[in-house]
Amino acid sequence: MTPTRKKRLLIVLAIVGGMGVAAALILTAFEKNLMYFYSPSEVAAGAAPHERKFRVGGLVVNGSVKRVPDSLTIEFAITDTAHEMTVAYTGILPDLFREGQGIVAHGQTRPDGIFEASEVLAKHDENYMPPEVASALADAKAGAMQANPQ
Amino acid sequence: MIPEIGQFILALALAVTCVQATLPIVGAIRGYDNWMALAKPAARIQFLLVLTAFAILVHAFVTNDFSVAYVAQNSNSALPTAYRVSAVWGAHEGSLLLWVLILCGWTVAVTVFDKELPRSFAALVVSVMGIVSVGFLSFMLFTSNPFARLLPAAGDGGDLNPLLQDPGLIIHPPMLYIGYVGTSVAFGFAIAALIQGRITAQAARWIRPWAIGSWIFLTIGIALGSWWAYYELGWGGWWFWDPVENASFMPWLLGTALIHSLAVTEKRGAFKNWTILLALATFALSLLGTFLVRSGVLTSVHAFATDPGRGVFVLVLLGTVIGGSFILYAWRGPSTFAGGSYEPVSREIFLLLNSALLAVATATVLLGTLYPLVLEALGLGKISVGPPYFNVVFSAVMLPLIALMGFGQFSRWKSDSFKRLVTQVKYAFVAALGIAIVAIALLGGDKIVSAGIGIGFGAWIMVTIVAGIFERCRNREHPWYALFHLPRAFVGQCVAHLGFASTVIGVVVTSYYTIDLHQKLAPGERATIANYEFHFTDLSSFDGPNYKVTEATFEIFQDGQLVEVLKPQKRLYLVRNMPMTEAGIAPGFTRDLYVALGEPLPDGAWSVRMHFKPFIRWIWLGAILMALGGFIAIFDPRLRSPSTVRREATATAHTSSD
């Protein structure tokens with residue numbers, strides 16, 4: 001092998017090796033940061049992970065919003081019409097957070113079963129329904145129809 | 001009656017564009033002069049027609065013609081006039097019309113600045129841009145007609161989304177669109193070069209100003225969007241890795257790679273196929289971005305299903321333009337990396353690595369943006385990719401890029417050696433290290449290693465720029481004269497890189513040293529952040545033009561001195577019954593203070609969001625410098641014509657010999 005060829009081979013190997021390492025790192029980071037979405041029914045059925053963060057979504061149940069006095073902690077229930085679950089959040093809620101509104105929350109389930117949200121999202125449009133929430137509602141409805149066929 | 005005329009004019013424009021998109025191409029290939037000559041007048045007539053249609057839509061908005069469905073959905077008689085105009089591009093149909101108008105504008109610009117281009121080449125470019133325009137005009141006419149009537153007419157309109165009722169949003173979309181659509185010029189040039197089978201250094205010289213031009217607008221557009229999100233969304237974030245942002249960021253990244261690769265092709269004739277590929281891919285990502293944002297795919301994959309006409313049209317259009325151009329590339333593209341010889345250590349290689357890293361960065365953003373959409377479309381589950389993925393991966397790609405930037409600054413064309421480069425940068429390296437250590441000593445914090453690395457890398461860019469300028473001038477006979485007569489392209493490069501450094505430092509310092517405080521406060525109470533005391537003094541209510549306001553007054557004290565008074569607002573927009581947060585911001589070169597009202601609590605207090613954001617202005621200042629650098633480089637006479645340069649060179653020679 002001539003020196004030039006050897007040099008070229010080394011460069012090619014370095015590039016291929018570098019790309020491999022980069023791809024592995026990227027895919028690891030990707031896998032670690034994927035957040036799955038679960039509807040309240042799926043959470044009730046125990047399908048959601050316990051060790052990992054995930055997203056839930058549903059309609060804020062009317063009359064369920066409770067403030068913990070002298071703090072910014074708030075507790076509320078969300079529903080996909082079939083099941084409800086309790087969400088706790090400390091901080092400032094988005095402008096369009098209201099009872100009856102569709103919201104999405106990121107967070108983790110606490111040992112006591114309450115979902116501790118690190119972020120609550122409500123889109124900036126009163127007609128907007130987060131797509132995940134819309135499909136969770138549709139699924140719950142379809143489930144109910146199957147359960148009591150008329 | 002007038003809206004129908006608008007629709008008719010659009011149909012007419014489509015007819016003219018069909019001529020522009022076909023005959024000149026055939027003419028250029030077959031050598032029919034009179035067929036090629038059609039390109040220029042067709043492009044100009046198309047521009048005038050689309051401009052007229054646009055003016056008609058603006059007229060419908062300004063005069064509150066709620067018999068037009070699009071106006072009824074996106075405007076309201078109580079809306080201030082300026083926002084009625086910007087409401088034109090506030091939703092899907094109108095922004096498509098703006099898109100086409102800008103495309104026509106760029107095409108006309110090509111017909112104006114075509115003095116250097118061979119006739120057949122210019123005709124091809126205009127014609128290829130015509131093909132894109134045919135796609136968009138038909139998309140608009142067949143699926144998204146902005147002039148569609150609403151019968152019976154609405155009594156009043158549904159109003160513009162209050163979030164968009166903001167001065168920043170009047171100019172942000174047009175800037176972004178000028179950038180997006182501008183990438184079609186480089187695309188047209190690349191396709192024309194592929195058709196003619198002559199990809200030369202000369203072609204790269206023609207493309208460069210256009211590529212830089214669209215990149216400037218993209219830079220400004222993205223920065224405006226980030227700045228708007230910061231002050232309007234009311235929680236102090238400036239970048240969210242939201243799919244909409246990513247859609248604009250991907251063509252920017254690849255456009256940056258294109259500019260750098262073009263420099264090599266122009267100067268050394270190397271990497272021709274890579275440059276052409278970048279030009280095609282940049283435009284492909286612009287198209288993808290437009291559709292991600294505008295087709296409704298992002299708000300929901302199901303939007304595709306609810307309006308299958310639009311969705312299918314989008315896919316076919318994307319497939320045709322992207323697929324067609326890549327097939328042409330495979331068929332006609334240069335088959336080897338031939339052209340220009342260079343050693344493994346040379347400026348060529350540094351620039352190649354730079355564009356390759358930028359392409360990798362683009363790919364990681366693309367993966368994070370599209371993967372959830374694909375998965376959901378295939379019914380495999382609903383996922384989202386969190387910002388940490390983008391932060392980690394993106395920084396991992398940026399660090400080697402920045403490290404190489406410093407070396408690239410000194411590297412020589414064709415052949416260089418590591419040894420020489422290391423001698424060149426060693427002082428710069430020590431200086432950057434010193435700056436990082438001093439900065440960390442001053443700022444402290446609990447993540448000093450990461451913050452120090454970030455600041456050090458930013459400083460590294462700055463220091464190598466200064467050292468590079470010094471290196472360029474010190475061996476000249478008249479160093480000071482040389483300093484003030486640096487080539488403009490080089491000055492532009494330095495300014496743009498300085499801007500990048502500023503953005504890097506801004507991002508790093510803001511990310512690591514921001515202080516957030518969410519607290520319950522009643523009028524008369526105080527809160528402390530860093531060494532600032534936020535004093536909630538007053539609360540008042542009044543009416544705006546189409547909203548009701550609750551305004552708080554915050555006096556901010558530093559060491560007992562009153563330094564700022566902020567008046568954050570909570571607005572209720574009446575038409576959509578939608579609350580909006582208007583943050584109170586005290587901007588500064590080294591720090592911003594930020595107050596936003598959350599919500600009223602039962603006992604008269606409010607939840608209040610307070611931020612101390614150091615160096616955040618550096619992020620946007622950097623974008624301004626990058627755009628400025630591009631602007632300076634565009635006006636380098638060497639980019640315009642070799643003949644001008646020769647004339648100027650002779651003129652300089654005369655003056656210096658005098």
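Modeller: A word on terms to begin with: helices (H or I, at least four residues) and strands (E, at least two) are DSSP runs, numbered from the N terminus. This is a predicted model, in which local features need pLDDT of at least 70 and side-chain atom pairs count only at pLDDT 80 or more, while totals for chains, interfaces and linings use all residues. Residues are numbered from 1 along each chain as its sequence is written, chains are lettered from A in the order in which they are written, and side-chain values use heavy atoms, with hydrogens and water left out.

Biologist: OK, in what order do the elements of chain A run from the N terminus?

Modeller: The order is α-β-α-β-β-β-β-β-β-α, which comes to three helices and seven strands. Of its 150 residues, 41% count as buried, where buried means under 20% relative accessible area, exposed means over 50% and partly exposed lies in between (1.4 Å probe, protein chains only).

Biologist: And how many helices and strands in chain B?

Modeller: Chain B has 22 helices and 11 strands. Its radius of gyration, taken over C-alpha atoms, is 27 Å, close to the 26 Å that the globule rule (2.2 Å times the number of residues to the power 0.38) gives for 658 residues, so chain B is as compact as a globular protein of that length. The C-alpha trace spans about 80 × 70 × 60 Å along its principal axes, and 56% of the residues of chain B count as buried.

Biologist: Which residues touch the most other members of the largest nonpolar core?

Modeller: They are A:Val120, B:Phe136 and B:Phe189, in a core of 215 residues. Helix H9 (residues 201-232) of chain B gives the most to this core, with 16 residues. Apart from it lies another core, of 18 residues, including B:Leu521 and B:Phe612. A nonpolar core here is a set of buried Ala, Val, Leu, Ile, Met, Phe, Trp, Tyr and Cys residues joined through side-chain atoms within 4.5 Å.

Biologist: What is A:Val120 in contact with?

Modeller: Taking contact as heavy atoms within 4.5 Å, and leaving aside neighbours within four places in sequence, A:Val120 is in contact with residues including A:Phe76, A:Tyr89, A:Leu93 and A:Phe97.

Biologist: Switching topic, where does B:Ile195 sit, and what does B:Ile195 touch?

Modeller: B:Ile195 is in helix H8 (residues 167-196) of chain B, and because its relative accessibility is 22%, it counts as partly exposed. Not counting residues up to four places away in sequence, B:Ile195 touches B:Ile29, B:Leu124, B:Leu328 and B:Arg332.

Biologist: Now the backbone: which residues does a cis peptide bond join?

Modeller: The cis bond joins B:Leu151 and B:Pro152, with omega about -5 degrees, and B:Pro152 is in the loop between helix H7 (119-143) and H8 of chain B. As background, most residues other than glycine have a negative phi, and most peptide bonds are trans.

Biologist: And what is the phi of B:Trp241?

Modeller: B:Trp241 has a positive phi of about 55 degrees although it is not a glycine, and B:Asp559 likewise has a positive phi, of about 50 degrees.

Biologist: Is B:Trp241 buried or exposed? What about B:Asp559, buried or exposed?

Modeller: B:Trp241, in the loop between H9 and helix H10 (243-268) of chain B, counts as buried at 11% relative accessibility. B:Asp559, in the loop between strand E5 (547-558) and strand E6 (561-566) of chain B, counts as exposed at 67%.
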